[in-house]
Amino acid sequence: MTRKKTIEKKAQTVPSDEPTNNETVASEPSSSTPNEPEATEQVSELVNGVTNLSMTDKERGEMDRQTKSKEQIKAEREAKKAEKANKKANATSKVVASPAPQIQQHAPQIPNGQTLLSTTQVSKLENKKDVTQKPPSPEPKSAIKKDTARGNREVQFDLNTTVLRTPSEETISDLPKMFVFTDLAPNFNVHPVFHTLAARCERGQVADVDDLCEEFLSAFVKFISDWGAERLHNSDADPTALGFDLDLAIRPQLGYLTEDGRWPLPYALGNLVRQLKREIKRLDEPCKHAHTKEDGTVAAELPGGCDKLKELEEWLEETRYSCFELATNSISTHLMQKRKFSKKIVTFDWCRVVNRILLDSLVGEDPDLKHIVVLDQQLNGRGVRHMDTLLDKNVKLDYGDLRSLSVALHKCSIVLIGCSAVLSNGCVAVPKGSLSIALSAQANNIPFMVCAQTFKFVDKVQTYGRMALLGRENMELVPSSLITAIVTDIRIVPPSSAPAILKAKALESQN
Amino acid sequence: MPPKGTIARDSIQKKEDDNTLTAVIVADHYETRFAPFLSNQGPWCLHRVCNVPIIDFTIDWILRTEINKIILLVSEKNLDYLKPTEVRWRTFFEQFLLISCRDPASIGDALRELDLRAIISSDFLLITNPATFTNATLRRQVENFRARRKANRNNVMTLIYSRSSHPEKATIGVKKADGKLVLYHRADNPSRFDVDKNYFLDDVVIRNNVTDTGIAICSVNVLVQFSTNFDFRGRDDAIREILANEEILLLNIHVDVLNESECATQINDYKSYLTASALLMDRWLYPLCPDNMFQPDEYVFVSNGQNMYYGVEKEKIGSLAGTQSKAILGSCSMVGASCKIEQAVKVVGSVVGDGTTIGLGTRIRNCIIGRNCRIGRGCLLENAIIGDSVTIPNGYQLEKYAILSSNLRMPADPLNRSVAGYALCTFAPDEDDEGLDFDRVDGGFYLWKLSSGYSMWSKEVKLGNGAEDVFSHADSVDENVLTDEESSPETAEAEPVAVFQEEIFDSMTRILELSFTPQLMNNLILEINSSKLANNISMEDVAKYAFKTFILLNACKTFIGFKELALKWKGLFTNYYKPQKSQVQMLMAIEERFGAQNEDFNKALPNMVHFLYTETGLGILEAPAILEWHESLDASSPIRTLMKRIIDWLKEESEEEDDDDE
Amino acid sequence: MNHRFTITVARAAVIFVKSVLMHREFLVFKQVGKSPETMTTASTRQEVIEEGRKHLLIEEGRKQLLINLRRRTTREPSFKLATDTLNFLRKVVLHGTYNNLEELLALLRENGLILSGAYPSELVMRNLVLMVCKLARESNSRETNGEFDSPYDSLNKLWKKEDKENQIGRSAKTIRKKLIQAVNDIQIEMETCREHISAQGQYLVHMNDVLIVHSLSTSTTLSSFLAGAKKDKKTRVFSVQIPTEPDDHDAVSISLCEVAGKMCEATKVILSGATVFPDGSCLAPAGGLSICLAAHRHSVPVYVLCAFYKIAPFFVPDSSAVIKHSLPGLPVAMASKWAGRVRVLQPALEMIPANLITLFVSNTASIMPSHIYRLIGDYYHPDDVANY
């Protein structure tokens, strides 16, 4: 479908601006102060660049490639006029951009987006309206420096040797890492909280997809509050277009996180974002009603209909609550019955939900009867977190890596594993190594249970090699045939009924 | 097999030239805590951990080192006890000497005796505590020691430390360059130094994340130290002596640390006694673990792969049928041979000696129980040490941290006073071993305690606040170990600015090592930015700490070095110090560094500022920034005086500019 | 000076005491027990001394073997262990004092039990002891009737008691001579078996095969097998290992958790077995099971390399007894926190059921798991196995 197509297209355009990005990083703080001689003719060209939609991406890409740097210098210099041009650009794009699929098709305009961006660096306000945005513009010398930047890739790799990788991943992770770095350059239309988020992911400080989602939500709350604040000052912001503007505003943020759609968001996060977008769209309709109905409120209303943002923030908060606290609780209560009879529980890698379940399973039981085994991809890995929480519980604990699998499964009564996504065909995306656990569990006839909150169910059937943000989180698919059951916050279901869950979710989200 | 005498003699002739190591083990333990168990049952080194005599473990790990000569220093009264040990082990070594010392009162005496007899003339491995276990082969350490000896005959001693975290942590100061020991902890409090500030030189690192293994590689000179000063009691005295008058003796001590995977521990009190047996049973000291110890005429154990060990009766040796016992053994537990254990007995983290009977439904956790004990039904024993042939009535609930010496029969009704942290014996301590008090308890028991007021159980517990969990202390220690380790994840959560500074310091040093290219500069900036983002550092702080770390670099020790490096890294400065704010921050950084007592820097300060200002130099500072900073300085600060010249000069310069404007 | 003298005396005394002790022990262990008195009365002191001396030699040999085992910090390839054991057994045969087959078997068994008591997990030792026992019977009965037929061969021989070797046993001297000869033969077979196995690599591995191997760094047999395969064929090799292990230059190293994913690319799995049991199941380095399961799922053939001395004629009641766990591969800083509370699993071996294994590659031939018992026939004798 269109989304995927655009992704590829973007992927093509990206290399063009990669070295320049490096450059910008190098000269980051200073580039914030533009210098201003004159060059008028450039602006008109700019405008064409944006408005002329008939042009194909390729051409535009080419055109942009030679002209970019020159353009931008002058563009920068031409702050004021550029602004006007920019307004036009938005106007035009607004016309086209209202329904979602079309927006997708606009995506390939990135290159122009860049020029726009450079113009708008001067005033943050403009950025928010911009259709498509990109990492910041280079300084003049970028054009010269390109090749050196290319030459020194490997130097850049060892910058983050701290990040642990399995050897097999190196093949894919090489190229992306450059981008991750280029993205670390402060990008003036991406909100700092997202920079922080990306950086934390980059250094593996975000454990798993759950943490990522939570952090993203909190980051987004911050972002909205700031955005709202700026909007307040913006006199000519149209209150009815609040949702639309916001939608435009978050686009660059997401673009930044996904490296311009180079990598898909992790499934669960993708779900959240989709819901979020729906909410944002929704912002507009009730807002209109409010206007038509009682006008008394209009006066009281904040400029730009910013009060609507409150709803959004509430929505975010309660999503967070339901996705994490509530879901975890209900999952662990669902499992209570099973746990009562399971003496020896085996789990793999770190998952907060599973950890919560383990802790719950110890309450009001004789610890001597319980036996918990934590396996890890390699010793002293993430599974140690489980240990730290369980150490003082006087329960019998085992820890090991996959080599000790058969010992671990000996006399084991249940295998509990957390996952990062459940696909619509019943497969689950789980940490690498779970597949062999599932196999031996099947061989020993031990129930293999997967814990997944419902927001982890996605309507997809294939995985991508690498995800945005959690690129290094190495996942593999366990087919539904090996899974005994999936424990969701709704109930314990067989993997075959994943579509049903999806349907239920859809219904729930409609009303 | 020639008679021993000749061995000893010709080996002595040999020793002058060869550099084979000899292991010197002091078989007796002079820790008064253990007196309750030593009075009638031989020296401490024959006491059992995991049902195996301590000395056997010790010799077993020495077997894996390159050492093939062993000297056991035994007090005369214990000589006969150790004969069988010698018989058992002597074939394993080229030389195995038992040396009887006439009633030594301390380790020092034993060593003096050794020196007196002039048996050792080569380097030797000194093990002052027989209960010292490690799984390291010490190959690297010995090589280092020899290399040092070659370099300088006066490098007489290498103390071996391990990374394992142990309740009482010694703090030491070590020269970063060559691992030379310069600071040693105080006798009374291992976490303290007794030194004055000026000891804290730049290249000395203070380490408290390592623990003493009790193993030291020494040359004969150390023995000489002992025989010259007769008041030395233990090894530490000699160390302090050598450190104290370094100038006179010109002897050096070095420190070598075992690597990540090499574990080491020693037993100093009952707490470490429990810990050691846990370590052994959980294979942290592998290949030093009970089921590798094998003496067909003494003890044989099989483990069922779950760190549960069973003693094997003689006739069952080598049979494939797995030994099974009715006891529910938790992991890390051991039951000796020919024990009678009834149903539903839980044994967790404990050692039960041979021939002990345990009654129905008794629970035992973190205990060490001697041989031929009789433990009734439904008892609850936790964190206790119990000697041989002790009788415990049914349903008895023993206090935690109780120490029961041998041949006790506990009365059915609990004692009228707490025994936690005391040792309960059937006899009174001898008059001659000082440091021990006792008071009588009804039932004709004697309750022993240390006159120092410390708990019998553990070194760092004063009585009164006696009851503390065996592991709790270890945990707290472990935390700060983790924070010490750079590699640990904790640092990531630590105070952001510190982390940030640390990170960029690392990247700077790394870049220093590489040959310089402009691209490298960019990478450095990349890294700084990335850690800035990751730690949420404000632009000001970046400016400040970037420069601070920069001048902390080794390359910038001298002003010259600073100059050229700064010129080299101009890119960095032009990048960050455009805005005046950042420039001020930079100066602040300089100011802070000024505080630290290093004269050369202070002298260089004005030149540095000047250099940063002038076009000939770096030319990144601008006059207003400097002036602003100068204003911010408090009147008293010495920097003002230093800066005076420059400031004045700047002032008039700016005035001139004003004139030009008109 | 006087102290040195005392030590000399002590030492001399000790040596005497020791010899006596060993002598005692010897008598105790001996099933056919002549009490010391009878012995001293029956034979002159001289003989006793002589016997004691000979026995000491065996003692020393055994001690030496055990010491070497103890000295090792990591587990060596079982080939070395096997040769050491065999050398020791040869000593026993050479210096042992026995007048007929029973005594010899008893002696062997007794020493064997002590060895395997010290290292219950080293099943190779047991195998070799049993092997030598069988050879002893063989060399004895060869004396009596020219050919020796394996009692495994025909069912209808099982019911009639084979007592001929008992009644017409030959003199100890001849047995000894022949047995030493046979032992030497075994020695030679052992030394050559690595070449034989690697030779089979050439036709078991085909062009462009993608092999998944496990514990390549520790198993010399496996590496030589691969070398044999690589000689003329071009293959890709994935070597499963933990990151800390040094990785082989001509093998792509992957971690165990990737195996299940990688299996779809593989065409063969090659493991090195530690012990093979009569039913065709085997002990392999830990991690082998999950590899085999994955292979089974993708129906990839699994070859297990095992020299003949790894084929055990007996079963193990609970495999946990023979599976040793080794050092927890964690930084020791965690030790004080974890010791006694968390058990770190580090099994050396793992039991792999017969149905997951396609072929056993032994030095003589490649055998299906279901045919392993046939090999047992020509290496072991049922009576030994029965009362071992």
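**A working discussion**

Modeller: Lys393(A) is partly exposed, at a relative accessible area of 37%. Here buried means under 20% relative accessible area, exposed over 50%, and partly exposed in between, with a 1.4 Å probe and protein chains only. This is a predicted model, in which local features need pLDDT of at least 70 and side-chain atom pairs count only at pLDDT 80 or more, while totals for chains, interfaces and linings use all residues. Residues are numbered from 1 along each chain as its sequence is written, chains are lettered from A and ligands numbered from 1 in the order in which they are written, and side-chain values use heavy atoms, with hydrogens and water left out.

Biologist: Where does Lys393(A) lie in chain A?

Modeller: Lys393(A) is in the loop between α18 (384-390) and β3 (396-401) of chain A. Helices (H or I, at least four residues) and strands (E, at least two) are DSSP runs, numbered from the N terminus.

Biologist: And what is Lys393(A) in contact with, leaving aside neighbours within four places in sequence?

Modeller: With that exclusion, Lys393(A) is in contact with Leu359(A), Leu362(A) and Pro367(A). Contact means heavy atoms within 4.5 Å.

Biologist: How far apart in space are Lys393(A) and Ala485(A)?

Modeller: They are 28 Å apart, C-alpha to C-alpha, and 92 residues apart in sequence.

Biologist: Turning to the largest nonpolar core, which residues touch the most other members?

Modeller: Val415(A), Phe448(A) and Met263(C) do, in a core of 151 residues. A nonpolar core is a set of buried Ala, Val, Leu, Ile, Met, Phe, Trp, Tyr and Cys residues joined through side-chain atoms within 4.5 Å. Apart from that core lies another, of 113 residues, including Leu63(B), Ile67(B), Phe92(B) and Leu258(B).

Biologist: What about chain B: how many helices and strands?

Modeller: Chain B has 21 helices and 31 strands. Of its 662 residues, 61% are buried.

Biologist: How do the axes of α5 and α7 of chain B cross?

Modeller: The axes of α5 (residues 107-117) and α7 (residues 220-228) of chain B come within 9 Å and cross at roughly 115 degrees. Axes are lines fitted to C-alpha atoms, for helices over the stretch in contact, and angles run from 0 to 180 degrees between N-to-C directions. α5(B) and α7(B) are therefore roughly perpendicular to each other, a label given to angles of 65 to 115 degrees, with under 35 roughly parallel, over 145 roughly antiparallel and the rest oblique.

Biologist: Which residues make that contact?

Modeller: α5(B) contributes Gly108(B), Leu111(B), Arg112(B), Leu114(B) and Asp115(B), and α7(B) contributes Leu223(B), Val224(B), Phe226(B) and Ser227(B).

Biologist: Now the backbone. Which peptide bond is cis, with omega near 5 degrees?

Modeller: The bond from Tyr286(B) to Pro287(B) is cis, with omega near 5 degrees. Pro287(B) is in the loop between α10 (270-281) and β15 (294-295) of chain B. Arg283(B) also has its place in the loop between α10 and β15; although not a glycine, Arg283(B) has a positive phi of about 65 degrees.

Biologist: Is Arg283(B) buried or exposed?

Modeller: Arg283(B) counts as buried, at 1% relative accessibility. Asn383(B), placed in strand β26 (residues 380-386) of chain B, has a positive phi near 45 degrees and is buried, with a relative accessible area of 2%.
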